[in-house]
Amino acid sequence: MSGNPAVVMRLVASAYAVAEKAGAIIRRVLHSGELGIVEKTGANDLQTLADRLVQQSICASLSKSFPKITIIGEEDLPEEAVKEDLIESSQSEEILQKSCPLEYSALKEEELVVWVDPLDGTKEYTEGLLDHVTVLIGIAYRGKAIAGVINQPFFNYQLGTETADMERTLWGMPGLGAFGFELQEVPDGRRIVTTTRSHSNKLVTDTVDAMEPHDVIRVGGAGNKIVQLVEGKASAYVFASLGTKKWDTCAPEAILHAVGGKLTDMHGSALCYDANVKHMNSAGVLATLRNHQYYTSKVPQSVLQALKP
């Protein structure tokens with residue numbers, strides 16, 4: 001797109017560059033061997049130096065370029081000056097060249113809310129399950145996820161090479177499309193459910209069983225599970241429990257919607273990403289690339305009664 005790109009396209013272009021910088025920070029902290037782990041609410045709720053540095057980097061970088069946007073990040077960090085080397089001011093030229101969907105072309109900075117998970121899959125990061133780790137930057141307008149960026153800092157890390165394609169960044173926008181990956185679907189008729197690796201309970205297992213899956217994959221990270229959906233490794237992400245927050249689902253939802261998928265709570269209701277909503281997805285998360293109705297119809301009544309929006 002020539003001329004002056006729309007505010008939201010400039011924001012997505014900045015988020016893309018910032019997410020790539022975030023991936024570099026996450027790799028740098030890992031290679032230093034000093035993860036700086038602290039427990040937030042328990043052994044399954046951790047924070048590392050990478051979480052802290054990345055959130056500072058993302059929030060400070062986007063605030064500097066877009067001072068009127070609202071940014072909500074996972075980590076509760078003290079107000080402090082951010083080092084200059086954490087600031088990223090570049091933008092993805094490829095994104096700036098895209099035509100903005102008409103419905104978003106006149107949006108103003110102050111109308112946009114950015115949800116940030118600086119390191120989704122922190123527990124897995126500390127355990128060396130590096131392919132579970134993502135950086136999530138979601139953009140919302142009037143409560144809807146309208147754009148998302150997902151960086152995988154350790155994409156292809158199993159190959160054991162320190163090359164440029166060690167990482168990958170996916171992005172998408174409903175009405176425009178999704179980029180950075182090849183969309184694939186699970187073979188017809190196969191029901192493969194991806195669900196939590198470390199936060200399971202009876203509600204989760206009862207719901208997964210009710211879906212009558214041919215296979216169940218248990219991995220960490222909400223962003224990672226949505227990537228599985230769009231790459232044909234799973235047909236549904238089922239998490240019938242408290243646990244995920246808006247910063248876990250905003251970016252993935254935008255990318256999923258951009259390719260015709262759907263993300264709702266367990267009742268089939270849309271999530272709201274307004275700045276003033278509660279952060280917890282208290283009625284769980286159900287995401288699919290296709291056949292969402294089938295999966296919502298299989299959620300047990302006992303689960304729906306236990307999970308109130």
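Q: In this predicted model, which residues does Glu-124 touch, not counting residues up to four places away in sequence?
A: Let's start with the place of Glu-124, which is found in helix 4 (residues 122-127). Once residues up to four places away in sequence are left out, Glu-124 touches Leu-129, His-132, Arg-197, Ser-198, Gly-220 and Gly-221.

Q: Which side chain makes a polar contact of 2.8 Å with the side chain of Glu-124?
A: One of the residues that Glu-124 touches is Arg-197. The two are 73 residues apart along the chain, and their C-alpha atoms are separated by 9.5 Å. At 2.8 Å, the side chain that makes the polar contact with Glu-124 is that of Arg-197.

Q: Is Glu-124 buried or exposed?
A: To decide, we need a cut-off: a residue is buried under 20% relative accessible area. Glu-124 has a relative accessible area of 4%, so Glu-124 is buried.

Q: Where is Asp-248 found, and is Asp-248 buried or exposed?
A: Asp-248 is found in helix 7. Its contacts, not counting residues up to four places away in sequence, are Asp-117, Asp-120, Leu-136, Ala-222 and Gly-243. With a relative accessible area of 9%, Asp-248 is buried.

Q: Which residue has its backbone nitrogen 2.7 Å from a polar atom of the side chain of Asp-248?
A: Here we look at the side chain of Asp-248, a residue of helix 7. The backbone nitrogen that lies 2.7 Å from one of its polar atoms belongs to Lys-245.

Q: In what order do the 5 strands of the open sheet lie?
A: The pairing in this sheet is mixed. Its edge strands are strand 10 (215-219) and strand 12 (262-264), each of which pairs on one side only. Reading across the sheet, the order is 10-9-11-13-12.

Q: Which residue in strand 13 is the bridge partner of Thr-264?
A: Strands of a sheet pair through backbone hydrogen bonds, either parallel or antiparallel. Strand 12 and strand 13 (residues 285-288) pair in the antiparallel sense over 3 bridges. The bridge partner of Thr-264 is Leu-286.

Q: At about what angle to strand 12 does helix 7 run?
A: Helix 7 covers residues 246-258 and lies across strand 12 and strand 13. Helix 6 (residues 222-230) also lies across these strands, along with strand 9 (192-196), strand 10 and strand 11 (236-239). For helix 7, the angle to strand 12 is about 145 degrees.

Q: How many disulfides does a search of the whole structure find?
A: A disulfide needs two cysteine sulfur atoms within 2.5 Å. For Cys-59, the nearest cysteine sulfur is that of Cys-250, 14 Å away. For Cys-272, the nearest is also that of Cys-250, 10 Å away. The number of disulfides found is 0.

Terms used. Residues numbered from 1 in each chain as written. Predicted model: local features only at pLDDT ≥ 70, side-chain atom pairs only at ≥ 80, totals over all residues. Heavy atoms only, no water. Pairing = 2+ DSSP bridges. Helix = DSSP H or I, 4+ residues; strand = E, 2+ residues; numbered from the N terminus. Contact = heavy atoms within 4.5 Å. Axes fitted to C-alpha atoms, helices over the stretch in contact; angles between N-to-C directions. Buried < 20%, exposed > 50% of the residue type's maximum accessible area, 1.4 Å probe, protein only. Polar contact = N/O pair within 3.5 Å; in protein donor to acceptor, adjacent residues only side chain to side chain.
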